[in-house]
Structure formats: structure tokens, C-alpha cells
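Please look at the sequence and the 3D structure below, and keep both in view while you read this short report on a helix and the nonpolar residues around it.

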Amino acid sequence: MPESPAVPSALPAPTELSVEDAKLVILARGARGRVGAVEGAAVRDQDGRTYAAATVSLPSLTVTALQLAVASAAAAGASRLEAAVVVTEASTVDPAGRAAVRDLTTDAPIHLAAPDGTVLGTVVE
């Protein structure tokens, strides 16, 4: 049975992330841990600048960590992302966060990592 295109599957985790992508895992874990959020995320833009964020859940506003990291990058003038990381207990990247990344770039890897930093997979579509 083919998988739904709305929820892309994660590919097997790479054996080793690049140094730059490993830094994103650390930043995302830190963002998540500082506030005890459900998710943490980090992105790197075309100039190598990084942006980290945690899930925001207020009565009047709910934003995923990845959406907020992408929004921070866009607000700082980023026009393209090189990579993204989401640290979560979930087994997939949320569709809203994935869509936010794809708004700026169609081919940046989105690495999914467990709270301990173990990379579970990478979405490349």
C-alpha cells in the first residue's frame, strides 16, 4: 500500500551527520530543554546563520518549533535553508513544519531526532 503524500516517510538515518547538521541537533535539543517544550527545532540558512526555537502553545497562538525556527530565519532575511532538525518524541516531522521549510527550499534535509539527540531519519522530499 503506498504511503500518503501528505506524510512523507523518513529515510534511514545517515550514519553520520555533517558537523554543521550535528550542531543543529545540539541547538534544537537546547531550545527544547530550556523551556521543557514538546519539540525543539533548528535551521541553517544560506549564509550559515542558525535559528533555534521551541514549540509555542498559548491560548491564542500555537506554533510548531520548526515553523518558529523557519519564521525567525525568514524574519532575518533568509531566502533559502540548507538544513533543518526537529527534536521530538514523535516518529514523524509534523506537516506544518515540513511545509514551512519547503516554503523556503525544496531540497534541504529535515533531520528527525529523538530527545537524546539520536537521529531517527531524514526527510528529503
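A residue is called buried when its relative accessible area is under 20%, exposed when it is over 50%, and partly exposed in between (1.4 Å probe, protein chains only). Helices (H or I, at least four residues) and strands (E, at least two) are DSSP runs, numbered from the N terminus. This is a predicted model, in which local features need pLDDT of at least 70 and side-chain atom pairs count only at pLDDT 80 or more, while totals for chains, interfaces and linings use all residues. Residues are numbered from 1 along each chain as its sequence is written, and side-chain values use heavy atoms, with hydrogens and water left out.

In helix α3, which covers residues 95–104, the buried residues are G97, R98, A100, V101 and R102.

| Element packed against α3 | Residues |
|---|---|
| α2 | 65–75 |
| β6 | 81–87 |
| β7 | 110–113 |
| β8 | 119–123 |

Leaving aside neighbours within four places in sequence, V101 is in contact with L66, V70, L81, A84 and I110.

A nonpolar core is a set of buried Ala, Val, Leu, Ile, Met, Phe, Trp, Tyr and Cys residues joined through side-chain atoms within 4.5 Å. The largest such core has 19 residues, of which V43, L66, V70, V86, V93, V101 and I110 touch the most other members. With five residues, α2 gives the most to this core.

Conventions: Contact means heavy atoms within 4.5 Å.
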